[in-house]
Amino acid sequence: MSKLEILKYPDPHLHEACRPIEEFDDELREFAQNMVETMHGAIGIGLAAPQVGDDRQLLVADLSVGQDPEAVLVLANAEVELEEGEIRGDEGCLSFPDLVLVVPRPAHVVIAGQDLEGNPVRVEADELMARCLHHEIDHLRGVLFIDRVSPLKRDLARRKIAKRIRAGDW
Ligand code: NI
């Protein structure tokens, strides 16, 4: 296993829509393992393939941040099948170090996808896990959490980021 480099905003890869996975082979499984290791190394609860410069629809999540091997979820070709309710909550993203935004997300989601063998998988999630999966699926469409806040807050965040980039603190 090896850690991958996490791309930071405004890397253009982060704005691209990913392609569906058609080959469920050893290379994909090894890549998924590397993504899990990268997420754990960065103390994150979710990571999507475009964040490490890959254009496949793959995401990993682990609310236990490496404490519980059974909590690791790897999903290929994930899409939101159903979403209900809305919760506004603090949110971060490994491609935006130390930036926290209040983002509205569904309170409950049903996600359809595939496991690493290509078998269909359905995942129901609430609250933080719903937020995490919704955020990662956004990444697969080239949508970032700053795209989910008001234009005013987006502008503020962009200015803060530009300042930190200039200061070498990004
Ligand atoms: Ni993210």
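Here is a quick look at the strands, helices and cysteines of this structure.

## Ground rules

This is a predicted model, so local features need pLDDT of at least 70 and side-chain atom pairs count only at pLDDT 80 or more, while totals for chains, interfaces and linings use all residues. Residues are numbered from 1 along each chain as its sequence is written, and side-chain values use heavy atoms, leaving out hydrogens and water.

## The open sheet

Five strands line up as β1-β2-β3-β6-β7 in an open, antiparallel sheet. (Strands are DSSP E runs of at least two residues, helices H or I runs of at least four, numbered from the N terminus; two strands pair if DSSP finds at least two bridges between them.) At the edges sit β1 (46-48) and β7 (120-126), each pairing on one side only. From one strand to the next, the twist averages 40 degrees. (Angles run from 0 to 180 degrees between N-to-C directions, with axes fitted to C-alpha atoms, for helices over the stretch in contact.)

Helix α1 (residues 26-41) packs on this sheet, touching β1, β2 (58-61) and β3 (73-84), and its direction makes about 40 degrees with that of β2. Contact here means heavy atoms within 4.5 Å. Helix α2 (residues 127-140) touches β1, β2, β3, β6 and β7, at about 155 degrees to the direction of β2.

## The β4-β5 hairpin

Strands β4 (residues 87-93) and β5 (residues 96-105) pair antiparallel over six bridges. Two residues link them in a hairpin, and glycine 89 has valine 103 as its bridge partner.

## Cysteines

No disulfides turn up anywhere (cysteine sulfur pairs within 2.5 Å would count). The sulfur of cysteine 132 has its closest cysteine sulfur in cysteine 93, 10 Å away, so it is too far for a bond. Cysteine 93 is buried (under 20% relative accessible area, with over 50% exposed and partly exposed in between, using a 1.4 Å probe and protein chains only), at 9%. Cysteine 132 is buried too, at 5%.
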